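Please look over the sequence and the fold below. A short report follows, written for reading beside the model.

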Amino acid sequence: MNINGEKYTLSVDHRTTLLDALRERLDLTGTKKGCDQGQCGACTVLLDGRRSVACLQLAVAAEGREITTIEGLAEGERLHPVQQAFLDLDGYQCGYCTPGQICSAVAVIEEHAAGWPSAVTDDIRPEAGPPPLTADEIRERMSGNLCRCGAYVAIAQAVARAAEGESTEAAA
């Protein structure tokens, strides 16, 4: 397995989920176990750059794929822009769902920049380009990640700020 840029070799039962392999076998406990049914998003990781709920992904099916967990987003001591925005804007309360929220937000920003529409996108024609990343767009795109504390306003603000920073960096 290639996780956060490092190669790992594991022998696991074919029924072992990616979530359990990460947490129990590799001690990468940033990815959280919430509902264990794919409904809360607490276990969201990036699989080849796309979001995936690790509780529904079998570890054996992730072989040869690039897996990024919350531990793999920062570059040394420098936080990923999404992590920094969550920190700056208090996009968390208890923090349990935060790793999944952040991983999902990273993918949301990339999906949006690539022009992928959401259920609330008005103009889905490819030539229309990316829709404005409004609060409604962010809420819809992040709807698979639940926060029991209700930090949604700050989460949406953090995603918007990180997206602005990403587009500013891309233009530079």
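Predicted model: local features only at pLDDT ≥ 70, side-chain atom pairs only at ≥ 80, totals over all residues.

Residues are numbered from 1 along each chain as its sequence is written, and side-chain values use heavy atoms, with hydrogens and water left out.

**The sheet**

Helices (H or I, at least four residues) and strands (E, at least two) are DSSP runs, numbered from the N terminus. Two strands pair if DSSP finds at least two bridges between them. Five strands form an open sheet with mixed pairing, in the order β2-β1-β5-β3-β4. β2 (6–7) and β4 (50–53) stand at the edges with a single partner strand each, so one side of each has no neighbour in the sheet.

| Strand pair | Bridges | Residues standing opposite |
|---|---|---|
| β3 and β5 | Two | Leu47 and Ile67 |

**The cores**

A nonpolar core is a set of buried Ala, Val, Leu, Ile, Met, Phe, Trp, Tyr and Cys residues joined through side-chain atoms within 4.5 Å. The largest one has 24 residues. Leu73, Val82, Phe86, Met142, Ile155 and Val159 have the most contacts inside it. At least two residues come from each of α2 (81–88), α3 (98–113) and α5 (152–171). α3 gives the most, with seven. Another core, of 16 residues, lies apart from this one and includes Ile3, Leu18, Leu22 and Ala62.

Contact means heavy atoms within 4.5 Å. Leaving out residues up to four places away in sequence, Val82 touches Ile102, Ala105, Val106, Ile109 and Ala162.

**Helix α1**

Helix α1 spans residues 18–25, and its buried residues are Leu18, Leu19, Asp20, Ala21 and Leu22. They pack against β1 (2–3), β3 (44–47) and β5 (66–68). Just after α1, Asp27 takes a positive phi of about 60 degrees.

**Two threonines**

Thr31 sits in the loop between α1 and β3. Thr31 is buried, with a relative accessible area of 2%. Beyond its neighbours within four places in sequence, Thr31 is in contact with Leu19, Leu22, Arg23, Cys43, Val45, Thr69, Ile70 and Glu71.

Thr121 is in the loop between α3 and α4 (135–141). Its relative accessible area is 9%, and Thr121 is buried. A polar contact is a pair of N or O atoms within 3.5 Å; within protein, one must be able to donate a hydrogen and the other to accept it, and residues adjacent in sequence count only if both atoms are side-chain atoms. The side chain of Thr121 makes one with the side chain of Glu137 (2.7 Å). A polar atom of the Thr121 side chain also lies 2.7 Å from the backbone nitrogen of Ser118. Residues up to four places away aside, Thr121 touches Pro131, Glu137 and Arg141.

Definitions and conventions:
Buried < 20%, exposed > 50% of the residue type's maximum accessible area, 1.4 Å probe, protein only.
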